[in-house]
Amino acid sequence: MKHMAMIIKCPQCSKCYGEKDFTPGIDLYCSCGQKILFEPEQVFAQLAQICDEYQLKIEEEKIIQIRKKADKIVALIFNNQCAKIDIDIEKQKLKALIEHISPDKVDLYELIYEPRFNRLWDQFRKSEDT
Ligand SMILES: [Zn+2]
C-alpha cells in the first residue's frame, strides 16, 4: 500500500518533517527541542489550515473579480460616449456576478455599488437625464 506523503511542521519553529523521519516507537524531537508528533490530529489540523488558506485565496479572487467589474462600470460612467442603457446592462451583469460567485454578499451591491454608481452618474452625467 502506497502512503500519501505527509509533511509535519514543528509547531514551534515550522521546520518540516516527513514520514521517513519517524521511527515507530521512537519519539522525534525537533532541533528546537519541540516534540514532533505524527498523529492524525496534527495531520488533520494542518490539512484544515491548508483548506482555510485555499478558501481565503478563492475569496480574494472573487473580490478582485467583482472590483474589476465595478471599476469598468465607473469608467463607463466617465465615458460620455457610453449610453445609459449600456451602463444599466453592465450594472445588472455586476449584480448577477455577485449573486453567482458570492450569494452571501449580494447586499454589497445595493449597499455599496448602486449608490456609488448613482452618485457618479449624478455628478458627471446628470445633464443627460431628461
Ligand atoms: Zn522546531
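The centres of domain 1 and domain 2, taken over C-alpha atoms, lie 50 Å apart. Domain 1 covers 7–36 and domain 2 covers 55–128 of the protein chain, with bounds that come from an automatic or database domain assignment. Please keep in mind that this is a predicted model, in which local features need pLDDT of at least 70 and side-chain atom pairs count only at pLDDT 80 or more, while totals for chains, interfaces and linings use all residues. Residue numbers start from 1 along each chain as its sequence is written.

**Overall layout**

Along the sequence, the pattern is β-β-β-β-α-α-α, giving the protein chain three helices and four strands. These are DSSP runs numbered from the N terminus, with H or I over at least four residues for helices and E over at least two for strands. The protein chain is more spread out than a compact globule, because its radius of gyration is 26 Å, well over the 14 Å that the globule rule gives for 130 residues. That radius is taken over C-alpha atoms, and the rule is 2.2 Å times the number of residues to the power 0.38. Along the principal axes, the C-alpha atoms fill a box of roughly 85 × 35 × 25 Å.

Buried residues account for 9% of the 130 residues. Here, buried means that 20 or more other C-beta atoms lie within 10 Å of a residue's own, exposed means 12 or fewer, and partly exposed is in between, with C-beta atoms placed from the backbone.

**The nonpolar core**

The largest nonpolar core has nine residues, among them Ala-70, Leu-94, Tyr-113 and Phe-117. Such a core is a set of buried Ala, Val, Leu, Ile, Met, Phe, Trp, Tyr and Cys residues joined through C-beta atoms within 7 Å.

| Element | Residue range |
|---|---|
| α1 | 40–78 |
| α2 | 84–101 |
| α3 | 106–124 |

With four residues, α1 gives the most to this core. Leaving aside residues up to four places away in sequence, Ala-70 touches Leu-94 and Tyr-113; a contact needs C-beta atoms, placed from the backbone, within 7 Å.

**A look at α2**

The end C-alpha atoms of α2 are 26 Å apart, which agrees with the 26 Å that its 18 residues should span at 1.5 Å a residue. The expected span is 1.5 Å times one less than the number of residues. Lys-91, Leu-94 and Ile-98 are buried in α2. Seen down the axis, these buried residues fall within an arc of 60 degrees, so they line one face of the helix. The arc is that of the directions from the helix axis to the C-beta atoms. Exposed residues on the other side of α2 include Ile-85, Gln-92 and His-100.

Conventions: Two residues are in contact if their C-beta atoms, placed from the backbone, lie within 7 Å.
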